[in-house]
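Here's a quick briefing to read with the model open beside you. Take a look at the fold before getting into the details.

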Amino acid sequence: MLKQVLLPYGVHFPRSFFLHSPPPPSSSSTLPLLRTLRISSFSSIKMAGEEEKQELKFGPYKIHKSEVFYATNLSYAMVNLRPLLPGHVLICPKREVKRFVDLTAEETSDLWLTAQKIGNQLESYHKASSLTFAIQDGPQAGQTVPHVHIHVVPRRGGDFEKNDEIYDAMDEKEKELKEKLDLDKERKDRSFEEMAQEADEYRKLFL
């Protein structure tokens, strides 16, 4: 299996790197074919399909792949169970990290670059004019799921009577989210099918 290789930024491979050497003289000798190689913004190489096999978690909860619409080597973006406004999504590190301070420098950079990219696309898609980026870092800040996540919310004029009301609303949604995940109650507002459909639409923005 091809292992992940980290390389300094700007390193280029000669064409010969991607070619196989001739197999040894044996009729039973075979070499695995290299499938598509992808070089990320951090110059890491992965075999195509490896990322899809990785199980994504949100704190102690498993996230169904149909709810995820974008991913890098270190971060992923998923639709929200109970969005405050259209386009309200969550950006999370793939590694289960409880507090923002515990992220590595590479994870921190990738998380915010991912949030920037997604925010830009969703603001345009929902014909919004602004964005709210928010992190609730720790229980006293309103965090209920122990996994760092950035709320990205496209904004329009008049969506909240007072702009700061969005943070109170975000606290309430965090509590509701944890209750839903813990108790797996019947969903009355958004079904798995609705969330999967939304994720599929967002996925098309990044093709």
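Going along the sequence, the pattern reads β-β-β-α-β-β-β-β-β-α-β-β-α-α, which comes to 4 helices and 10 strands. Helices (H or I, at least four residues) and strands (E, at least two) are DSSP runs, numbered from the N terminus. This is a predicted model, where local features need pLDDT of at least 70 and side-chain atom pairs count only at pLDDT 80 or more, while totals for chains, interfaces and linings use all residues. Residues are numbered from 1 along each chain as its sequence is written, and side-chain values use heavy atoms, with hydrogens and water left out.

**Overall picture**

- Of the 207 residues in the protein, 37% are buried; buried means under 20% relative accessible area, exposed over 50%, and partly exposed in between (1.4 Å probe, protein chains only).
- Take the contacts (heavy atoms within 4.5 Å) with a separation of 6 or more: residues 24 or more positions apart account for 62% of them.

**The annotated histidine**

- The "active site" annotation on His-149 comes from an unreviewed UniProt entry; UniProt positions are given in the numbering used here, feature names are shortened, and annotations may be inferred rather than shown by experiment.
- You'll find His-149 in the loop between β9 (130–135) and β10 (150–155).
- Its relative accessibility is 2%, so His-149 counts as buried.
- Leaving out residues up to four places away in sequence, His-149 touches Phe-58, Leu-90, Ile-91, Cys-92, Ala-134, Ile-135, Gln-143 and Glu-174.
- A polar atom of the His-149 side chain also sits 2.6 Å from the backbone oxygen of His-147. That's a polar contact: a pair of N or O atoms within 3.5 Å, where, within protein, one must be able to donate a hydrogen and the other to accept it, and residues adjacent in sequence count only if both atoms are side-chain atoms.

**Nonpolar cores**

- A nonpolar core here is a set of buried Ala, Val, Leu, Ile, Met, Phe, Trp, Tyr and Cys residues joined through side-chain atoms within 4.5 Å.
- The largest one has 20 residues, and Phe-69, Val-89, Ile-91 and Ile-118 have the most contacts inside it.
- Elements giving two or more residues to this core are β6 (68–71), β7 (75–79), β8 (89–93), α2 (105–125), β10 and α4 (192–203).
- Helix α2 gives the most to this core, with 4 residues.
- Apart from this core lies another of 10 residues, including Ile-63, Val-68, Tyr-76 and Val-145.

**Phe-69 and the aromatic rings**

- Phe-69 counts as buried because its relative accessibility is 3%.
- Setting aside residues up to four places away in sequence, Phe-69 touches Ala-77, Met-78, Val-79, Val-89, Ile-118, Ala-199, Tyr-202, Arg-203 and Phe-206.
- How many aromatic pairs does the structure hold? There are 5, where rings of Phe, Tyr and Trp (its six-membered ring) pair if their centres lie within 6.5 Å, and planes under 30 degrees apart count as stacked, over 60 as edge-to-face and the rest as tilted.
- Phe-69 and Tyr-202 make an edge-to-face pair, because their ring centres are 5.3 Å apart and their planes are at 70 degrees.
- This pair links distant parts of the chain, with Phe-69 in strand β6 and Tyr-202 in helix α4, 133 residues apart.
- Tyr-202 has 1% relative accessibility, so Tyr-202 counts as buried.
- One aromatic cluster is formed by Phe-69, Tyr-70, Tyr-125, Tyr-202 and Phe-206.

**The β6–β7 hairpin**

- Strands β6 and β7 form a hairpin with 3 residues between them.
- The two run antiparallel, joined by 3 bridges; strands pair if DSSP finds at least two bridges between them.
- Across from Tyr-70 stands Ala-77 in β7.

**Arg-190**

- Arg-190 is in the loop between α3 (165–183) and α4.
- Its relative accessible area is 15%, so Arg-190 is buried.
- The Arg-190 side chain has a polar contact of 2.6 Å with the side chain of Glu-198, and also reaches the backbone oxygen of Leu-81 at 3.3 Å.

**Tyr-167**

- Tyr-167 is in helix α3, and its 36% relative accessibility means that Tyr-167 counts as partly exposed.
- Apart from neighbours within four places in sequence, Tyr-167 is in contact with Thr-132 and Ala-134.
- The C-alpha atoms of Tyr-167 and Ala-134 are separated by 8.5 Å, with the two residues 33 apart along the chain.
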